[in-house]
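Dear colleague,

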Amino acid sequence: MADEQLVVQVITEVGRRARGQHLQGISHPLQAEARFGDDLDVLTSRADIAVRTRPAQALAAGLGTVLDDQRAFNHALVDALHQLDHRAHWQAARIAELEAEVDDLRARLEQPGS
Amino acid sequence: MRVAFLKPDHGGVGGFERLVERCRARLGERGVAVEQVAFDARTRARRLHGIPLDDGTRDWHDEYFLYLTALERLDRLDLSGFDVVVASQPPSYLARHPSVVALTYHQARVFYDLADEFVAAGFARPRVHEAAVAQVRAVDGDRVGDVRTWLTGSEEVAARLARYWGIDGTTPFRASPEVLPVPEVGELDPAGPALCVSRHEWPKRTELVAQAAVLDPGGRYELLGGGSRLPWVRHLVERWAADPDAAPAHDPEGTWRNRGAWQLPEGERPAGTGPSEHLGGRLRIHGEVDDAARDDAYRRAAVVVAPALREDYGLTVLEAFAHARPVIVCDDGGGLVELVADTGAAVVVEPTAQAIAAAVAELRDDPARLQAMAIDALEAARRQAATDDLAPLVDAIREAAGGADG
């Protein structure tokens, strides 16, 4: 049984992702989602989860926190999207949107005092 | 033109399907194709937005995870082939489509107007619910501004949309009951049962009617409807039958503001289905019945009790009126109170079993008043039947489609 603090974290994280940080309009949901989910598992599990992809490895090594912050998640999302099967390449517009979001976040984080 | 009626599938078939059928007939005359599009809103997901959910986590707030799971499934629907999408229950009004007409009877209420009651009843821990409420409101808030037209089932619902989402200028939509008004009042037995037609769910407060039956030894009462709290209602009645002095002392926390039968050990929960009789036959609990049995119960009844808290609409009131039966509602009944206003066919009481029992006894002892109220009830039903209830919805669909159907 999860403790209350962890449940609150999960609730908050799931809600955050529901607000636009999930894939939209996947035409092959099973294939794309399964692969995407594998990447996200790495970011959201405490430990002992198999790291299967290069970006996930890099993220896991670099961050290592449970329920990463906004910046880390957006990086992961972009990386995961770039790995999607070629049949999902029509997602290019969504990828570009997320990349712009990451750039914007990076700029804000790099501002003095952030 | 193609119109999708979106329905979160909770496993039941009922009023929504019949409404879709009526719209299909009405819009079909204009060459508009109406299709029902359902999405799963009851199967618990193993993973949500990439995060694995085990039973232990989910049990902390099942409603929250189910809500977002349903939303994830809604987002996977391809609605691009439809000109207009008619949304209904939450979260269908969050559909991503440029022309959404939301036919709203309620928001996901435990995250809005029932948030405090939900915690008070013990369904979720305060901190956990606070986090869930914040997330649902943020998720909803990001999207509800995209809905083109809001149709609301009552002033109660319109006020909630204004209060929580800042949405004003909603259009009233008052669906007719599926029961035509009887030709005349007919035989009305003042000593007939006080009838409650309602699902036994929180916070319908059917417990109050069972409690009133205990407190009113001269009255007969009947409860119709299934639901997850039916075993709890039976449990309370059995306790009160064994110790009648205990009934008056039961406050809301002991009756309806709690988790119901989940508080009882598994082996001690009464049956959740089928009929039962209590209090020497004065109280009959029927469980789920078909429409014919329901209508027969309305005909037998002297008065209909609708005790729900802040109800969105109140079909049971309209059904009672169609059968020429007066009603008793509680002053915090929301849409129920709206429906009976200015009809002369209702008694509005405070939300206690004592007040309900007193009102039932008062009408039983005053046959002339009961008869006059029955006439007024039937008159209200006839007025309702004379209105074109579908018109606001049909107009909204046509407007959303840019008048393409003429």
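Below are the findings, chain by chain.

This is a predicted model, in which local features need pLDDT of at least 70 and side-chain atom pairs count only at pLDDT 80 or more, while totals for chains, interfaces and linings use all residues. Residues are numbered from 1 along each chain as its sequence is written, and chains are lettered from A and ligands numbered from 1 in the order in which they are written.

Chain B contains 15 helices and 15 strands, where helices (H or I, at least four residues) and strands (E, at least two) are DSSP runs numbered from the N terminus. The C-alpha atoms of chain B occupy a box of roughly 60 × 55 × 35 Å along the principal axes. Of the 406 residues in chain B, 47% count as buried, a residue being buried if 20 or more other C-beta atoms lie within 10 Å of its own, exposed if 12 or fewer, and partly exposed in between, with C-beta atoms placed from the backbone. Among contacts in chain B with a separation of 6 or more, 71% are between residues 24 or more positions apart; two residues are in contact if their C-beta atoms, placed from the backbone, lie within 7 Å.

Leaving aside residues up to four places away in sequence, Val86(B) touches several residues, among them Val3(B), Phe5(B), Leu103(B) and Ile397(B).

Asp388(B), by contrast, counts as exposed because it has 9 C-beta neighbours inside 10 Å, and Asp388(B) is found in the loop between α14 (367–385) and α15 (391–400) of chain B.

Chain A calls for caution when you read it. The average pLDDT (the predictor's confidence in each residue, from 0 to 100) of chain A is 52, and 15% of the residues score at least 70. Chain A has five helices and zero strands, and among its elements helix α1 (residues 4–18) has the highest mean pLDDT (84), whereas helix α2 (residues 29–44) has the lowest (43).

With best wishes
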